[in-house]
Amino acid sequence: MRLKYVLNEVLVGLWRNVTMTIAMIITMSVSLFMLGASVLLYMQVDQMKNYYYGEIEVSIFLRSDVTDAQRAAIDSTISGNPLVSKKTYETRQEAFTRFQQLWADSPDFVKSVGPDSLPESFRVKLKDPEKYKSFADQISGMEGIQDVIDQRTLLDKVFNIFNGFQVGSLGVAAFMAVAALLLVGNTIQVAAYSKRREVAVMKLVGASNWFIQAPFVLEAVVAGVIGAVIGFAVLFVGKVVLLDHKLQALTSILTPVHNGNVWLMLPLLMGVGAVVSAVTAWITLRFYLKV
Amino acid sequence: MIQLENVTKTYPKASRPSLDDVSVGIEKGEFVFFIGPSGSGKSTIIKLLLHEVAPTRGKVVVNTKDVTTLRSWKVPHFRRSIGCVFQDFRLLPNRTAYENVAFALEVIGKTKAVARRVVPEVLELVGLGGKEHRYPHELSGGEQQRVAVARAFVNRPLILLADEPTGNLDPDTSIEIMRLLDRINRTGTTVVMVTHDSNIVNQMRRRVIEIESGRIVRDQARGVYG
């Protein structure tokens, strides 16, 4: 009986103030959508870091006038370094072959580069890619080295852009959340005002606080959850349309976005939407329904 | 049943206390009038007994419970032992007489079946048999107050508080409401009524406590308005 009463009050409450309810749901869904996008991006960057950092190498390019003695010295220094997990050597000819394969689509470009234009190099995998700095310091002073390049610094630039997007969408989410929360607070105030007589009687006859407050809090929670579902739907459709179809080329660099991760956003957004609405409603009621 | 011990209540920003060192005891089953001019502090007593306000100093004991130290989450349960009637009835306009009374039961967790059993009974008791399905605007002032009394009494409280219950009613109707409160008192319910209706006080000849400027100036068994 009580459950039925409470649920009925919730539906009546949402319907009584339907324009406000819609505004509340829309802002909530935009905010939660941005939150979901931000979390997904964060997970994606994390996944990409794991993937690429496992693959990256430090390249030590040798000068074109390097002597055999210098090369041997460099080789033994690298082999003796405790930071190194794997080392390969690439001759000029190998570098050129690889270059030809890599740019096979642009034969004119390949023709303009001769087998001698590319430097020979050592490719080194570090046990811990984070230790690049100390490794580079140890090796770069040696004779015969032209350049030490860490792929990581290139990747970091890319990841910084992603991080920027992620922080940006988190910022927008927070900004929209402020609007959403103000709307929740306002809706609850209006609802409490329109039910002030009932509330007064309930307090008078000794209805418990939770019983008085539950319909209002649930009203906010239902709106929050609907907002979350809409936000999630937009996120999912956006993922399918943009990443899987329109911008498919991008995903081959990005490492694929798993549907599982996207589905994970549903409980997350619903949870955040419900909890945040409930807390806001409850705090609002503390001010407007003194017991 | 009710004990006020050296109770002082000063509202914030008020220049003088509404109640000033008031001590009074009311036994179970008594019928007590609190009388006095407007602003004398009568209504503050009702608010203290309901725990709507807390005393600035002193102790309020209702039904062996010290209201002063009552935790706020226990207040709702405490109020279930007290019925309350006001000058302005405080009925829900979009509910019938039956629904108004049943509402009071349902919001404290009683089932619809219980309501179906006890609500017609109590409406019969207050003399509204046959008018269960009228809305408040279809009832006279006296009838509306009867609904309010039925709502206050349906849960069989130990104490019935009445804050100027006849303030909006004509003299004849007022006397009918008083008969009703008297009948409720005879069931063993303690009745505390705040009023400045001298007619009624003089007719009932019950205990009269007169308050002036927050102090008790008279406490008389079988008293008159004075």
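Reader: Over residues 2-225 of chain B, how much of the chain is helix and how much is strand, and how far apart are the end C-alpha atoms?

Author: This is a predicted model, in which local features need pLDDT of at least 70 and side-chain atom pairs count only at pLDDT 80 or more, while totals for chains, interfaces and linings use all residues. Residues are numbered from 1 along each chain as its sequence is written, and chains are lettered from A and ligands numbered from 1 in the order in which they are written.

Residues 2-225 of chain B are 33% helix and 25% strand, where helices (H or I, at least four residues) and strands (E, at least two) are DSSP runs. The end C-alpha atoms of this stretch are 22 Å apart. An unreviewed UniProt entry gives residues 2-225 of chain B the feature "domain: ABC transporter"; such annotations may be inferred rather than shown by experiment.

Five residues from domain 1 of chain B and seven residues from domain 2 of chain B form the contact, two residues being in contact if their C-beta atoms, placed from the backbone, lie within 7 Å. On the side of domain 1 of chain B that touches domain 2 of chain B, three residues are nonpolar, one is polar and one is charged. Here Ala, Val, Leu, Ile, Met, Phe, Trp, Tyr, Cys and Pro count as nonpolar, Asp, Glu, Lys and Arg as charged, and the others, Gly among them, as polar.
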